Amino acid sequence: MVYPSMPFGLLNLNKPAGLTSRDAVNRVQRVLKSLGKAADAKPAKVGHAGTLDPIATGVLVLCVGSATKLIEHVQRMPKRYRGTFLLGRRSASDDTELEVTGLPDAPRPTLGQIEAALPAFLGEIQQVPPAYSAIKVGGRKSYDMARAGNPPELPPRPVTIYELSVERYEYPELVLNLHCGSGTYVRSIGRDVARALGTAAVMSALERTEIGPFTVADGIEPDAATETTLSDLLQPATLAVAGLPRVQVNAAEVEELRNGRFIARGDEPLADEVAAVDEAGRLVALLKPRGTERYQPVRNFA
């Protein structure tokens with residue numbers, strides 16, 4: 001049975017403030033280049049599953065090697081955040097990255113008023129993303145247009161909020177805990193909650209505490225991944241598809257899948273997408289059902 005000789009798996013980084021997500025990727029990429037050079041092989045790829053702004057800290061999941069094919073699966077996982085906001089203030093970016101201005105005679109909502117406003121933001125809601133975001137409009141990134149003095153009017157998009165609560169409040173600082181689906185902008189949550197209270201808010205800090213099974217408590221510092229430690233720090237690629245049904249395949253079936261062939265099973269397909277694992281529990285492929293009792297590989301890892 002053949003498996004990738006270069007690193008393959010997931011890294012749970014605890015990103016510090018001031019570091020971009022691209023910076024974190026570049027640090028690991030340098031390690032992979034060194035390993036590739038030592039093995040006289042092409043270096044493994046690496047990519048992150050969900051950008052964190054420089055102001056933000058916390059969980060940044062990196063997909064290494066052929067696990068980069070799983071980025072979209074990690075991105076779809078629910079996330080938890082702790083966002084800190086300053087009420088009575090606003091900025092073009094909805095955070096403190098750009099110039100912040102205070103509202104004259106801004107109201108000071110009570111804790112009770114804030115808590116009463118939060119239920120309106122639960123469930124599937126329509127959210128307008130910040131103009132300073134990476135959303136593309138006509139092929140251009142929204143933040144590039146905003147920086148050029150032509151901020152686009154972004155249409156609202158559906159996002160799902162599972163939980164939203166106050167952790168701490170001492171005016172003007174409000175700390176919210178948020179459990180949400182993919183695509184949610186925490187800056188926009190603070191902005192819109194404040195607007196519902198008749199005021200404004202800017203985000204002054206953000207920590208992503210969870211992505212699916214990945215927690216900030218288990219995250220490693222970006223510099224912890226070195227040529228000697230990387231393989232031990234990598235987590236199994238199966239964590240990226242923890243929500244998918246699984247089928248176990250034997251050695252002969254692994255070879256069939258590795259060559260792009262269908263495998264026949266004596267049961268009905270479990271779902272529209274299935275994770276195939278070998279007898280050791282390692283991720284071999286992602287499968288799609290083709291007709292009945294047959295699966296076809298759509299992503300190969302063996």
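Which loop is D278 found in?

1. **Before you start.** This is a predicted model, in which local features need pLDDT of at least 70 and side-chain atom pairs count only at pLDDT 80 or more, while totals for chains, interfaces and linings use all residues. Residues are numbered from 1 along each chain as its sequence is written, and side-chain values use heavy atoms, with hydrogens and water left out.

2. **The opening question.** D278 sits in the loop between strand 16 (274–277) and strand 17 (283–289). Strands here are DSSP runs of E with at least two residues, and helices are runs of H or I with at least four, both numbered from the N terminus. D278 counts as buried because its relative accessibility is 2%. Buried means under 20% relative accessible area, exposed means over 50%, and partly exposed lies in between (1.4 Å probe, protein chains only). From D278 to A302, 24 residues apart along the chain, the C-alpha separation is 9.6 Å.

3. **The whole chain.** You can look for seven helices and 18 strands. The C-alpha atoms fill a box of roughly 75 × 45 × 40 Å along the principal axes. Of the 302 residues, 45% count as buried. A contact means heavy atoms within 4.5 Å. Take the contacts between residues at least 6 apart in sequence: 69% of them join residues at least 24 apart.

4. **Surface and charge.** The chain exposes about 14,600 Å², and carbon and sulfur atoms supply 48% of that area. Such areas come from the Shrake-Rupley method with a 1.4 Å probe; for residues, only the protein chains shown count as cover. There are 35 positive and 35 negative side chains, and the centres of the two sets lie 6 Å apart. Lys and Arg count as positive, Asp and Glu as negative, with His and the chain ends not counted. Each charge is placed at NZ of Lys, CZ of Arg, CG of Asp or CD of Glu.

5. **The largest pocket.** How much space lies in the largest pocket? The value is about 1,200 Å³. A pocket is an open set of points on a 1 Å grid over the protein atoms alone, where a 1.4 Å probe fits, with protein on both sides within 12 Å along at least five of seven lines; lining residues have an atom within 4 Å of a point. Points are joined across faces, edges and corners, and the volume is the space filled by probe spheres set on them. Of the 36 lining residues, T51, L52, D53, A134 and Y185 lie nearest the centre. Elements that each supply at least two lining residues include helix 1 (21–38), helix 5 (186–196) and strand 12 (201–211). Strand 12 gives the most, with three residues.

6. **Helix 5.** This helix is mostly covered, with nine of its eleven residues buried. Among them are V186, I189, G190 and V193. The buried residues pack against strand 4, strand 7 (123–127), strand 10 (157–170), strand 11 and strand 12. Just after helix 5, G198 takes a positive phi of about 80°.

7. **Strand 11 and C180.** C180 lies in strand 11 (residues 173–180). Is C180 buried or exposed? C180 counts as buried because its relative accessibility is 0%. Leaving aside residues up to four places away in sequence, C180 touches P78, K79, Y81, T160, I161 and Y162.

8. **Backbone details to check.** Most residues other than glycine have a negative phi, and most peptide bonds are trans. A cis peptide bond joins Y171 and P172, with omega about 10°, and P172 lies in the loop between strand 10 and strand 11. D94 has a positive phi near 65°, and D105 has a positive phi near 55°. D94 counts as buried because its relative accessibility is 11%, whereas D105, at 79%, counts as exposed. D105 lies in the loop between strand 6 and helix 3 (111–117).

9. **A last stop at A271.** Look for A271 in the loop between strand 15 (263–264) and strand 16. A271 counts as partly exposed because its relative accessibility is 26%. Apart from residues up to four places away in sequence, A271 touches P245 and P289.
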